[in-house]
Amino acid sequence: MTMRIARNSIAAVAIGLIGAGAALAQEEFAKLVVGDGPFEVSGNNGIFGFVIARKTSTVTFKPCHGPTFEIETNKLKRTTLKCEDGAAPNPHPLNVSCAYANTILLAQIPKIESSNSVAIGTVYEENGKNVTVVDKPSPKLISDTFSKVAQFKACGDVTIGFGTTGAPVVNVVPVPIANQIKMEELYKETK
Amino acid sequence: MGEANSTVRAALVDAVVAALPVAVVYFSGWAYLSSYLGEFGIDATQVEVAFSTVLVYAFIPLQNWKVLAYFTLLAALVYALTLVPEVPAWRKNLLNLVAGFFALGLLFLVSWAAKEDAYEMATYVWKGEKSQTVPVLSAADQSKPPYPQFKACIDRRQVRQIIGLPEQLFLLCRSPESPCVYGTMIVVGKDGTIIYTANRVRKPENDNENCPK
């Protein structure tokens, strides 16, 4: 009887560990989001970030720090400055490395670059060894994806969002030029 | 000779005991002020703060219930030590050492409480729950570059006071797009000139944090 209880307990612990491992593995799957940027919000507050979804005259903007917000397209200025160039809340940032980038997801970049049909906001999800594409992701999916980011780092053309453990959580890949936000839609300096 | 030595030692102990409360209170005030200013990226060496001002701020962390509880425990321990009857010198020294460690622990606790209280007060500023201050700038300053940004911020009612010192006034202009995360700190001198501005970023508790605009 005691032996049976012990065996069942071991089996329960093993199932629990496998379950926890699977959950952990699932959490580790990063996503790839097609975005446009980097942009700076006009107004001299030093807000840099990316456009991760578009509507007619507004966009969903993911700043380098804090939650996403909706903003008029004509308040954005295209910039060459990266997230690392702006002010940061933490004087001791994570020491993250581009070497940990997700190769399966980044292998999609040539396909994205060569296709004019890929729009801002398209999400690529790693699913084991396969990649699934979500053309019109829900605001919740976008919000959940970026909420785990502790720090962004520019790795060439791709900006990678790393989680608190230093593992990549999301890759922001530039949208094909044909689908970029046009200069005339952006902020215009007035003299 | 031995009697003179013990008199000097007693006087020294009395002096230390008398100065200790003021030292702890001063430490508490500076711990709070430096933590609070640090929340806005201001280094404590950038400001000149009067002794009386430091003492005023000291009571914020000292009122923390954990500090009060610890202090009561420490006072009880010291009082209990005075009641201990004649014991061997080594045992009395050991008890004094333990009491000394507890006293040192009080400093760490005060520092921790100061950080916690300073964070809470800084959050009030970021969330716009602190006083709106509109300083009068010098007329000459109004043609300089930061002024239009400052004016626009005042018009949006987004200026909050971080701290007002006799020589400088530290203000935070919360950004309209993400007011609890991004802002510009504006430092105004006592002659009404903007000394400098600096962009500041706050780490929010989470992405769904309540943020009054």
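**Entry 1: conventions and confidence**

I number residues from 1 along each chain as its sequence is written, and I letter chains from A and number ligands from 1 in the order in which they are written. The model is predicted: local features need pLDDT of at least 70, side-chain atom pairs count only at pLDDT 80 or more, and totals for chains, interfaces and linings use all residues.

I took pLDDT as the predictor's confidence in each residue, from 0 to 100. The average for chain A is 80, and 84% of the residues score at least 70. I then looked up residues 1–27 of chain A, where pLDDT stays under 50. For that stretch the model has zero contacts beyond four places in sequence. A contact here means that the C-beta atoms of two residues, placed from the backbone, lie within 7 Å.

**Entry 2: chain A**

I counted elements as DSSP runs numbered from the N terminus: helices are H or I of at least four residues, strands are E of at least two. Chain A has four helices and 10 strands. Along the sequence I read the pattern α-β-β-β-β-β-α-α-β-β-α-β-β-β.

I called a residue buried if 20 or more other C-beta atoms lie within 10 Å of its own, exposed if 12 or fewer, and partly exposed in between, with C-beta atoms placed from the backbone. Of the 191 residues in chain A, 32% are buried. Among contacts in chain A between residues at least 6 apart in sequence, I found that 60% join residues at least 24 apart.

Next I looked at a hairpin. Strands β8 (residues 151–155) and β9 (residues 158–162) of chain A pair in the antiparallel sense over five bridges; pairing requires that DSSP finds at least two bridges between two strands. Ile160(A) in β9(A) stands opposite Lys153(A). Two residues lie between the strands of this hairpin, and Gly156(A) in the turn has a positive phi of about 65°.

**Entry 3: chain B**

The domain assignment gives domain 1 (2–126) and domain 2 (139–201) for chain B; such bounds come from an automatic or database domain assignment. Taken over C-alpha atoms, the centres of domain 1 and domain 2 of chain B are separated by 35 Å. I found eight residues of domain 1 of chain B in contact with 11 residues of domain 2 of chain B. The domain 1 side of that contact divides into six nonpolar, one polar and one charged. For these classes, Ala, Val, Leu, Ile, Met, Phe, Trp, Tyr, Cys and Pro count as nonpolar, Asp, Glu, Lys and Arg as charged, and the others, Gly among them, as polar.

I followed the strands next. β2 (residues 168–174) of chain B pairs with β3(B) in the antiparallel sense over seven bridges, and seven bridges also join β3(B) to β4(B), again antiparallel. Val188(B) in β3(B) is the bridge partner of Leu169(B), and in β4(B) the bridge partner of Val188(B) is Ile194(B). The hairpin of β3(B) and β4(B) has four residues between the strands, and Gly192(B) there takes a positive phi near 85°.

**Entry 4: between the chains**

I found 15 residues of chain B in contact with 18 residues of chain A. On the chain B side, β3 (182–189) and β4 (194–201) are the elements that give two or more residues. That side divides into four nonpolar, six polar and five charged.

Is Ser178(B) buried or exposed? Ser178(B) is buried, because 26 other C-beta atoms lie within 10 Å. Ser178(B) is in the loop between β2 and β3 of chain B. Beyond four places in sequence, Ser178(B) touches Ile47(A), Pro63(A), Gly66(A) and Phe69(A).

Gly66(A) is in the loop between β3 (58–63) and β4 (69–72) of chain A. Gly66(A) counts as buried because 23 C-beta neighbours are inside 10 Å. With residues up to four places away left out, Gly66(A) touches Ser178(B), Val181(B) and Pro204(B).

**Entry 5: the core**

I defined a nonpolar core as a set of buried Ala, Val, Leu, Ile, Met, Phe, Trp, Tyr and Cys residues joined through C-beta atoms within 7 Å. The largest one has 66 residues, and Val33(A), Val51(A), Ile52(A), Val170(A), Tyr32(B), Leu171(B) and Cys173(B) touch the most other members. Helix α4 (residues 89–126) of chain B gives the largest share of this core, seven residues. Both domain 1 (2–126) and domain 2 (139–201) of chain B give residues to this core, so it lies between them.

Leaving aside neighbours within four places in sequence, I listed Ile52(A), Val123(A), Thr145(A), Val170(A) and Val172(A) as the contacts of Val33(A).
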